[in-house]
Amino acid sequence: MYTDCVMDHFNNPRNMGEVEGYNAEGTVGNAKCGDIMRMTMRIEDGVVKDVMFKTFGCGAAVATSSIATEMVKGKTVEEALALTNKAVVEALEGLPPQKMHCSVLAEEAIKAAIASYREKTPDLT
Amino acid sequence: MFVYCDNAATTPICKPALDAMLPWLETGYGNASGFYKKAREAKKALEGARRTAASCLGVAPEALYFTSGGTESDNWALKGACEAGGHIAVSAVEHHAVLHTAQYLKKRGHPLSVVPVDGDGLIHAETLVKALRPDTAIVSVIYANNEIGTVQPVAGLARAVKEYSKKILFHTDAIQAAGHIPLDISKDIDMLSLSAHKFGGPKGVGALYIKADVKLPPLLHGGGHERGKRSTTENVAGAAGLAAALDYMCQNRDNFARRTASLRDKLVEGILSAVPYSSLTGSREYRLPGNASFVFAAVEGESLVLQLDLMGVAASSGSACSSAALDPSHVLLAIGLPHEKAHGSLRLTVGHENTEEEIDYVIQSVKTAVERCRNMSPLWDAKKGEPLHVH
């Protein structure tokens, strides 16, 4: 049911863990629904220098988190904010219909992390 | 290494079943309703299969009808029993084949009661009787649960229903139980469903036992096969496979059940001691010999199944993160697990063909898979080695 790309990201998740000394953190989803995504970032000079994820969820949730970190790493905050769930799904070469919400979660996690950074450091954004 | 631990999903076909089927797939292709020799031979094989299967179950051959599988049998029993209207009562731990059929019938105007179970997944007679009404047409209770393996006191439940009213039909979905444990098909049981591929037979064939005095209208109309009860050209090879597999299981049942239960116990003890924050779901005492089902804190079941697949272990989960509603299995919720725990479920179902060595490998694989999932989980404190949010 999953594409080879999804399975590749599940088997070899990219950027899994927590960024040391992170200055941005976003957690979305809830355990009741079976999906929680946590993204940590180090943002410097308006650029996402480093980003890592931790995910409690199904194969699709892990794969979308993994690929989303790859898609925003090294990008400006504005570029990262422009990442859509649709782009994540396309990059994974598709997701089963009932798993589309996982890609939404990945988009939300990135937006939540950046929002936390902007809250803490309003002058720098 | 590949280890098959999903015998509740389906079983490998056993040699006696395959051997019994092949002649009817090769040269014995005659339509069992015809008059020529090839047809008569097919008919003879079909009726022989019916007698064999009936004898294994201890019922009259005339009371056994071949179907396309467990789901059809369940649909037939429920839809047929309340054709003239009436209330339906089913347990909260039914398979979807019963539960979704009952919910469909509810939409068609039949009142439906879903009877709760206790923490082990057991239905109590007094709870069941409380749900009954003067207009109840049918009660359906799963003989042994497909997810947590809990075996119900079916004969006692059927008796309690009949004591309330002789007019109510009692059906049991014995799809996980048949061939694996002795079935107590008492006079109070009106209908019983089974499916061949759950006990070493082929897919696409099952049976419905209908007690002689029960008038169940057909689900399929047509050429009048199965004594007018179930039309469609008879699946002779399928029936032969079902009968041979059931016979093989029944002949060896004590031996197989003892062996399977000992492998299961090794698996349960091994996993509970190797994996912290793990627990068994379902009853320890009233349990199918092959079922070992667990929940693991801070882990999501589908991920766990995919991790195990990477290590060559075939298992399943009731996490049902795949369901549109994002709800975990109704069975795990019915035994009182909160959503967040129910998402971390794993079902390993062993068979008599598994080996001790395989069980050792599965225990190690589960330990590794859970560690990998927890390492990735924002709900797990890796430093302390405990869940961050214990619900």
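1. Two residues are taken to be in contact if their C-beta atoms, placed from the backbone, lie within 7 Å. Among contacts in chain B between residues at least 6 apart in sequence, 71% join residues at least 24 apart.

2. The model is a predicted one, in which local features need pLDDT of at least 70 and side-chain atom pairs count only at pLDDT 80 or more, while totals for chains, interfaces and linings use all residues. Residues are numbered from 1 along each chain as its sequence is written, and chains are lettered from A and ligands numbered from 1 in the order in which they are written.

3. Along its principal axes, the C-alpha trace of chain B spans about 75 × 50 × 35 Å. Of the 391 residues in chain B, 54% are buried, a residue being buried if 20 or more other C-beta atoms lie within 10 Å of its own, exposed if 12 or fewer, and partly exposed in between, with C-beta atoms placed from the backbone.

4. Helix 1 of chain B (residues 15-26) has twelve residues, helices being DSSP runs of H or I with at least four residues, numbered from the N terminus. From first C-alpha to last, helix 1 of chain B reaches 17 Å, close to the 16 Å expected at 1.5 Å a residue, where the expected span is 1.5 Å times one less than the number of residues.

5. The buried residues of helix 1 of chain B are Ala17(B), Ala20(B), Met21(B) and Trp24(B). These buried residues pack against helix 2 (37-57) and helix 7 (236-251) of chain B, whereas Lys15(B), Asp19(B) and Glu26(B), on the other side of helix 1 of chain B, are exposed.

How values were computed: Helices (H or I, at least four residues) and strands (E, at least two) are DSSP runs, numbered from the N terminus.
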